[in-house]
Amino acid sequence: MLKAIKKIDWLVVAAFTITMIILTIILAFGGYAPFGNHSLAGMDANIQYLDFFAYLKDVLAGKNSVAYTLSNTLGGSALSLVAYYLTSPLNLLIIFFKKTQLVAFFTLLVVLKLSLASATMAYFLIHRFRTLKPLFTILLSISYGLMQYNIAQSNNIMWLDGVYLLPLMLLVVYQVASASSHWYKLAIVVAVSLIFNWYTGILNCLFSAFWLSLELVMVKRNSKEFITAVINYAGGMLIGIGLSAFLFLPNLYALVHGSRSEFDRSLLGLGFIGNPFELFNRLVIFSVSDPSHTALYCGSFALLGVGSFFLSPEISKRIRYVILMASVVVILGLYWKPLYLLFSLFKSVESYWSRYSYLAIFFVLFVAAIFYSKWPILKRPIQTLMFGGMGTALIILVTTWGESFRSGIITVGFLGLEASMLALSKRQRMIPYTVLLLLLTLELGLNAEKLFSIYTVGAQSATQYARYMKYEARQIKSIKQDKDNYRILQTANRTTRKQTELTANYNEALAFNYWSLAGYSSNQSAAQLNLLEKLGYRSEGGRITVVNGPILGTNSLLGVKYFLVGKLADTTGLKLLDRPMVGSKKVYLNPSALPMAFTSQSDLRNLKLGDNPFKNQNLIFKQLTNSQNSLYKSLPYTTARSDHRAVYNVATLNQDNPVYGNLKWQASDPKAQLFVNGKLVTPYTTWLSPSVFNIPTLSNHTKVELKGMESNQSIVPQFYQLNLATLTNATRQIKENSGVKKLKVKAGNIKVIANGKTNNDNLYLSIPTDAAWQAFNNGEPVKVESWIGGLVMIKLHKGENDLILKYRLPMRTMGAVVSLTSLAFFIITYARGIRDGRHV
């Protein structure tokens, strides 16, 4: 194995280099950073991943933590976030980039991962097909590196690690099927794949089981050899999973206990998610995937090889039959609900289709490689190419007739030219081979350039990004001169262009290392989302907290001391500070913010919250102050409904206190818009729209309109006005009665010194409760309890309480033990194999 590693084939280097050159040319001429101002970081890369990379940079610098951070929603372990988005070793290159340069860093990652995909594909082809010509190896390798999936999913940069690791895993599976003694290689590549990105790691492992079956049938093993190969495969797979357990098990625990852990039953059934026969019209250039169609484009050279494969007499009928049956399985995997559900990991996929189509494209290239490996021994190569090419062209033209016919014509044109060069190469190699390489390079380059432009629409320019990162960091730094413990909430962010636009950018607390209420990642805490929803901030899809405006009762309760407020946002009850601005975004102080730790004799353990966020806030503050004074007063209103419009005339108490509305809807209404006194406030009742909204108090009568409703659904209106004096008095009373003398929070370790006036005092923290917390009072273990359904509460005793809370990552020890045990077993077993001469 060491000899194989040391002997790097020049074809691997060539495939890597050619792919890198092609991408560099495309990106340079397209003006993408660092060559220009455009950004490859579109869609979720712009919304989420750039902020995650900024967070990773802080983690590597020791400024933030993976084990526990308060920068993600209300706080918690960031392990599931890191395990899904950030564990690729290539991410370590971020140490050479500033936060203002992350757009260029993202470009580098895309280029490196796609070039690595070409390199590992070349390595696979070299060792799987000994008779495959070097040029064909290069052509098929760059077809893999620049396939449709890689360009379309370049926004989802974390999935591309699975793409370049797949050829290595399947090569080892082939070796296990052929010789059965390569289990140790399988263990290594499985572990690496699961560590680099568990999502594509699982997809690769699932596909490898199918691949083992395919290879065992193709190499014709007897029953004993078959059983031995299966046992070695299973052993290598289990050891590989065990080696990754230090990360995989804690992450699995977090996923099972996360907001999206429920099995999605919507995909149960034996039907199809689309028409499998329509797959053929997505084999052409410029193809994109959608919910019912999967694009498998990887260049005309591969299509020509697949078409010719089934007509080549040099390939046995048995192999052609096996590949035909395997093709049916691959297509069913894309369209048949049971297999689609399996490869979607039992979750409904609502975007970025198709997330595992790289597996099918690999199969397409594999079939093409079988044909091209027979090229030297073909008796009638021109005839085979002619019939294979004509049949493929006919299928393309017939299936693309209509909307994608132009793409079909272009693909057939390239296919014909490449087939001609192949035919001419039988007489003279150099010129036809050179032209063939240039043709495929041009074809794949045109496709990449087009898809990059499609999938980067809306991406923030590199200069805009750098400017925002620079000035936002300066603004946050000015706030952090206050060394107290507090949260920061903002009403505008990096992607905000107009205050009336919706946003999904809720990870700037991670990017700039402050504590907030907002967060957007694939695995959130269900308890936190539920609590925030009951306090007025709705969640979306089990992964987004829609936190983009003040709700002062909630904000004060949760320790939001500072607001970053854009234009048009209501600032009643807040105090403007003389701090640096970012665009129109100014810094405001919330004078009523509670500390993040306080004591009270009130017992809120059994307090049940309902569906009205204003009543919930009233109930909490009444309990904490032992008072009957309500923060919010319900406002009278009249209602007028029509088919597409609802009008509410609200009578406010005065103009000096904030007024809030909340129209509880039953179903999404994408075209509905909310107006207050004739001015658009926000799109409403749709994806990413808030629930509670602010109502400017220009007079004692306010008109709230919901326009553009397509449904006649029932809406429950809630209109309330906050009494700032009551809020101020309540928070002052809580602060004055609190016995907390010291609070120190750092990376999952919390130290609190509090004075208990009686044995009935309780410590309340605005930090989420979690089974991972361990608490000690004066050195003795104490129970961590919960108040209002999600925050930490601890019973105190009379006198001084010296409390320490430690966050211990669930399954961390178990994962480490399993990994170490697997490693020991691996080393011992491998050493015995070396001694017995089984491993070379």
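Me: How do the residues of the lining of the largest pocket divide into nonpolar, polar and charged?

Reply: The lining holds 27 nonpolar, 10 polar and 7 charged residues. Ala, Val, Leu, Ile, Met, Phe, Trp, Tyr, Cys and Pro count as nonpolar, Asp, Glu, Lys and Arg as charged, and the others, Gly among them, as polar. This is a predicted model, in which local features need pLDDT of at least 70 and side-chain atom pairs count only at pLDDT 80 or more, while totals for chains, interfaces and linings use all residues. Residues are numbered from 1 along each chain as its sequence is written, and side-chain values use heavy atoms, with hydrogens and water left out.

Me: What makes a residue part of the lining of the largest pocket, and which residues lie nearest its centre?

Reply: A pocket is an open set of points on a 1 Å grid over the protein atoms alone, with protein on both sides within 12 Å along at least five of seven lines, and a lining residue has an atom within 4 Å of a point. The largest pocket has 44 lining residues, and Tyr199, Arg260, Lys347, Arg355 and Ser522 lie nearest its centre. Helix α12 gives the largest share of the lining, 5 residues.

Me: Why is the contact of Arg128 with Glu215 called a salt bridge?

Reply: The term requires a side-chain nitrogen of Lys or Arg within 4 Å of a carboxyl oxygen of Asp or Glu. The closest N and O atoms of Arg128 and Glu215 are 3.0 Å apart, so the pair meets the definition. Arg128 is in helix α5 (residues 102-128) and Glu215 in helix α10 (residues 198-219), 87 residues apart. Helices here are DSSP runs of H or I with at least four residues, strands are runs of E with at least two, and both are numbered from the N terminus.

Me: How do you know that Arg128 and Glu215 are buried?

Reply: Buried means under 20% relative accessible area, exposed over 50%, and partly exposed in between, with a 1.4 Å probe and protein chains only. Arg128 has 11% and Glu215 has 0%, so both count as buried.

Me: Which residue forms a salt bridge with Glu472, and is Glu472 buried or exposed?

Reply: Lys585 is the partner, with the closest N and O atoms 3.3 Å apart. Glu472 is buried at 0% relative accessible area, and Lys585 is buried at 3%.

Me: Why is Asp611 called exposed?

Reply: Its relative accessibility is 57%, so Asp611 counts as exposed. Asp611 forms a salt bridge with Lys534, the closest N and O atoms being 3.9 Å apart.

Key: On a 1 Å grid over the protein atoms alone, a cavity is a set of points where a 1.4 Å probe fits but cannot get out, and a pocket is an open set with protein on both sides within 12 Å along at least five of seven lines; lining residues have an atom within 4 Å of a point.
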